[in-house]
Amino acid sequence: GRCVRLDAGGGASIQSSMSESSDDLTAAALWTTSDWLASVGATQALASALLDMGSTATQFEQTRVLAERFASVDALSAHLQQGRACELLAALLFPALQKLAASGAQGGGNADSKFAGAVELSYGGLDVFFGGLEGQVGAPDPKVYSAMEAEHTKKADAKLKFVTGNYGVTTSSEIEWWFVIDPTRERLLRVRL
């Protein structure tokens, strides 16, 4: 049989479940933890803890002056601890590690495969079709506003800074929420915007 698999970047591929091809074996040998860490956003989390994402200086400029700013390993370590690097990385990596572990444990999955951690799609019957989205993922929280606010301001990654792909703006879920919901000067200053 064949199945369609989506990777983290949104790409899709068709894989035969009959036997593992030499391409899969080669991919397993090429799989690296550092590439996986980058794919789950760990490098962005570390950059957020290391740099002042609200600064007007470029990330390159900020990174260049780190040697001058931190005279020792202990000083750099203290800065990373203050930036909550360990907490940010743990909150980001834990679910990704669980997903990776589960991919090796499910029906013939191979954790060394290039598809480890990928989502496997399959066709459903009419019952699935007529069950709709709610039948697949459950009913939404009826308190939509409070659920959206919690998602943007209280989750582990709410303060995690990222750079938008379209305009290169540094922001976070929390900043985006308050910019839309309560863009008063006082509120935006509280979220350091």
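Visitor: How many salt bridges does the structure hold?

Guide: This predicted model holds two salt bridges.

Visitor: Why is the contact between K159 and E174 called a salt bridge?

Guide: The side chains of K159 and E174 meet at 2.9 Å, N to O. The cut-off is 4 Å between a side-chain nitrogen of Lys or Arg and a carboxyl oxygen of Asp or Glu, so the pair qualifies. Side chains of opposite charge can pair when their charged atoms come close.

Visitor: Which parts of the chain does the pair K159 and E174 link?

Guide: The pair links distant parts of the chain, 15 residues apart. K159 is in the loop between α9 (144–153) and β4 (162–163), while E174 is in helix α10, residues 173–181.

Visitor: What makes the pair R187 and D182 a salt bridge?

Guide: The N to O distance between the side chains of R187 and D182 is 3.4 Å. That value is within 4 Å, so the pair meets the definition.

Visitor: Why is T171 called buried?

Guide: T171, in strand β5 (residues 170–171), has a relative accessible area of 2%. The limit for buried is under 20%, so T171 is buried.

Visitor: What makes the link between T171 and E176 a polar contact?

Guide: The side chains of T171 and E176 come to 2.6 Å. A polar contact requires N or O atoms within 3.5 Å, so this pair qualifies. Not counting residues up to four places away in sequence, T171 also touches L160, K161, F162 and T164.

Visitor: Which residues are in the largest nonpolar core?

Guide: This core has 11 residues, among them W36, A42, L88, L100 and L160. The elements giving two or more residues to the core are α3 (42–50) and α7 (85–105). Helix α7 gives the most, with six residues. Leaving aside neighbours within four places in sequence, L160 is in contact with A45, S48, L88, T171 and S172. A second, separate core of six residues includes A47, L50, M53 and L66.

Visitor: How do you know that H79 is buried?

Guide: H79, in helix α6 (residues 73–82), has a relative accessible area of 14%. This is under 20%, so H79 is buried. The side chain of H79 reaches the backbone oxygen of L50 at 2.8 Å. Leaving aside neighbours within four places in sequence, the contacts of H79 are A49, L50, R69 and F70.

Visitor: Why is the pair F129 and F130 called edge-to-face?

Guide: The ring centres of F129 and F130 are 5.0 Å apart, within the limit of 6.5 Å, so the rings pair. Their planes stand at 80°, over 60 degrees, and therefore the pair is edge-to-face. Both F129 and F130 are exposed. The count comes to three aromatic pairs, and ring pairs link Y145, W177 and W178 into a cluster.

Visitor: What is the mean pLDDT of the protein?

Guide: The mean pLDDT is 76, and 75% of the residues reach 70 or more. Over residues 1–6 the pLDDT is below 50, and over residues 9–21 the pLDDT stays under 50.

Key
Residues numbered from 1 in each chain as written. Heavy atoms only, no water. Helix = DSSP H or I, 4+ residues; strand = E, 2+ residues; numbered from the N terminus. Buried < 20%, exposed > 50% of the residue type's maximum accessible area, 1.4 Å probe, protein only. Polar contact = N/O pair within 3.5 Å; in protein donor to acceptor, adjacent residues only side chain to side chain. Contact = heavy atoms within 4.5 Å. Core = buried A, V, L, I, M, F, W, Y, C linked by side-chain atoms within 4.5 Å. pLDDT = per-residue confidence, 0-100. Phe/Tyr/Trp six-rings, centres within 6.5 Å; stacked < 30°, edge-to-face > 60°.
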